[in-house]
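Subject: Structure for you to look at

Hello,

Here is the structure I said I would pass on. Please open it beside this message and follow along; my notes come after it.

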Amino acid sequence: MKFTKKEKQFWQKHYHFDKPSQLHENWEQIYAVDSNHDDEFFYFFSLRVTSIVDVYLKDTLITDQAVEYMTNFTNLKNLFIRRHQNITKASIPFINEMKFLESLNVSKTQIRLTDLAESLNNQSLKELCLDDEESVGNREKDLLILRERMPNCEFILC
């Protein structure tokens, strides 16, 4: 199947690919720090890449919309989306859909411990790194809720 005009521009710009035969559907990782990766990047990326293990993003331009696009990745085990002010609790339902996700870092986002206690329920998670910004009383209550809901997950307060 051919690239659309916009897809071709995307793949040429980011990876210097001119035709679909040059790319693989299965990727090991994507890594971006202080980059211009945004929701549109993940829209086009998720159209052709079906499987990825690690997504490591820090200080990019993504929002909750990009997290939704990431639900199309099978085999996603590690999602590091630290330092994204446009990642909010609206991403939590998408995170819940990621059936193979083992490690999640949402520190320095708009997602709070209380938000996670209210709606995070991903039983595949083994490790969750989050901000430690709540008062001690609320923190302990919310952590207890999460530990009861996801007993096989380690919660790391950053």
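A residue counts as buried under 20% relative accessible area, as exposed over 50%, and as partly exposed in between (1.4 Å probe, protein chains only). By that rule, 46% of the 158 residues of the protein are buried.

Two remarks on the basis. This is a predicted model, in which local features need pLDDT of at least 70 and side-chain atom pairs count only at pLDDT 80 or more, while totals for chains, interfaces and linings use all residues. Residues are numbered from 1 along each chain as its sequence is written, and side-chain values use heavy atoms, with hydrogens and water left out.

Overall build

The protein has six helices and six strands. Both are DSSP runs numbered from the N terminus: helices are H or I with at least four residues, strands are E with at least two. Along the sequence the pattern is α-β-α-β-α-β-α-β-α-β-α-β. The C-alpha trace spans about 55 × 25 × 20 Å along its principal axes.

Contact means heavy atoms within 4.5 Å. Of the contacts with a separation of 6 or more, 62% are between residues 24 or more positions apart.

Salt bridges

Side chains of opposite charge can pair when their charged atoms come close. In a salt bridge, a side-chain nitrogen of Lys or Arg is within 4 Å of a carboxyl oxygen of Asp or Glu.

- Arginine 83 and aspartate 59 meet at 3.7 Å, N to O. Arginine 83 is in the loop between β3 (78–82) and α4 (92–97), and aspartate 59 is in the loop between β2 (51–58) and α3 (64–70), so the bridge ties together parts 24 residues apart in sequence. Arginine 83 is partly exposed at 39%, and aspartate 59 is also partly exposed, at 28%.
- Glutamate 102 and lysine 126 meet at 3.8 Å, N to O. Because glutamate 102 lies in the loop between α4 and β4 (103–105) and lysine 126 in the loop between α5 (113–119) and β5 (127–130), this pair too joins parts 24 residues apart in sequence.
- Aspartate 131 and arginine 112 have their closest N and O atoms 3.5 Å apart. Aspartate 131 is in the loop between β5 and α6 (136–149) and arginine 112 in the loop between β4 and α5, 19 residues apart. Is aspartate 131 buried or exposed? At 6% relative accessibility, aspartate 131 is buried, whereas arginine 112 is partly exposed at 26%.

Regards
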